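Hi,

Here is the structure I promised to pass on to you.

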Amino acid sequence: MVSLAINVDHVATLRQARGITEPDPVLAAGICELAGAQGIVVHLREDRRHIQDRDVRLLRQTVKTKLNLEMGATEEIIDIALEIKPDMITLVPEKRKELTTEGGLNVAGQKKKLQAVIGRMRKAGIPVSLFIDPDSKQINAAHEVGATFVEIHTGRYCDAATEQRRDQEFTLIATAAEEAYELGLRVNAGHGLNYLNTRRVAALGTIEELSIGHAIMARAIFVGLDQAVREMLALLPAR
Ligand code: PXP
């Protein structure tokens, strides 16, 4: 079965809006796991707008499935990752003013830097995933720099305004996932996936894991987190 990793950043966003202690993303992660999620993802941003250092430290101690730390490749955050040792990290481009991660990493344009970060993580036993657009150039570069995983950016597929455009974007994802898989990379995907557009991506046999946040948290407000997670899991094919 393709596995589901749930991003709990939005729980922290709500907490930070009040500057108090609830809702707690650590508790949310436990509920996601109890509902059947196979992984938890958090993005520790340089500006700490949602997830805090305390969250990552507690999640490291409490997550029973797999903790994936999403992060920009900056020295401060690299040091935290090396100290906390999540089960894996996902490197993303990070801009201070963006609402969410806007595009894939330009791996081809910063091979040396990424190779060095991946080398440091490897020494610490932390596998690295690179969040990239569905583009051969970036996949080949991810392979060259020694990434273990790529996470293919599904945002343009999810945001497509027409069915034709959506089909084109889906073909790019399917082709990219196949290319990465053939190179020996492990393949994840995510961004913008929801209850209507996930099934098609999940059916690709080359994709190991989906990373989903917003849609599940948005639904959780109305139906509860446990049910929102179970409903997403029900859309994923058994493998
Ligand atoms: N993957 C990456 C690399 C992301 O940055 C995000 C957003 O935090 C997601 C997946 C999840 O996207 P969404 O919240 O749209 O499901």
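This is a predicted model: local features need pLDDT of at least 70, side-chain atom pairs count only at pLDDT 80 or more; totals for chains, interfaces and linings use all residues.

**The ligand**

The ligand is surrounded by 13 residues, and the closest are E70, T101, E151, G192 and G213. In G192, a backbone N or O atom sits 2.8 Å from a ligand oxygen. For G213, a polar backbone atom is 2.8 Å from an oxygen atom of the ligand. The side chain of N7 also takes part, with an N or O atom 3.3 Å from a ligand oxygen. Taken alone, the ligand exposes 400 Å², and the protein buries 92% of that.

**Helix 4**

Next, take a look at helix 4, which spans residues 75-84. Its buried residues are I77, I78, I80, A81, L82 and I84. Which elements cover them? Among them are helix 3 (53-62) and helix 5 (111-123), together with strand 3 (67-71) and strand 4 (88-91). Just after helix 4 comes K85, with a positive phi of about 55°.

F222 belongs to helix 10, residues 214-223. Is F222 buried or exposed? F222 counts as exposed because its relative accessibility is 74%, and the cut-off for exposed is over 50%.

Happy to talk any of this through once you have had a look.

Best wishes

Conventions: Residues are numbered from 1 along each chain as its sequence is written. Side-chain values use heavy atoms; hydrogens and water are left out. Buried means under 20% relative accessible area, exposed over 50%, partly exposed in between (1.4 Å probe, protein chains only). Helices (H or I, at least four residues) and strands (E, at least two) are DSSP runs, numbered from the N terminus. Contact means heavy atoms within 4.5 Å. A residue is near a molecule or strand if one of its heavy atoms lies within 4 Å of it. A polar contact is a pair of N or O atoms within 3.5 Å; within protein, one must be able to donate a hydrogen and the other to accept it, and residues adjacent in sequence count only if both atoms are side-chain atoms. Accessible areas come from the Shrake-Rupley method with a 1.4 Å probe; for residues, only the protein chains shown count as cover.
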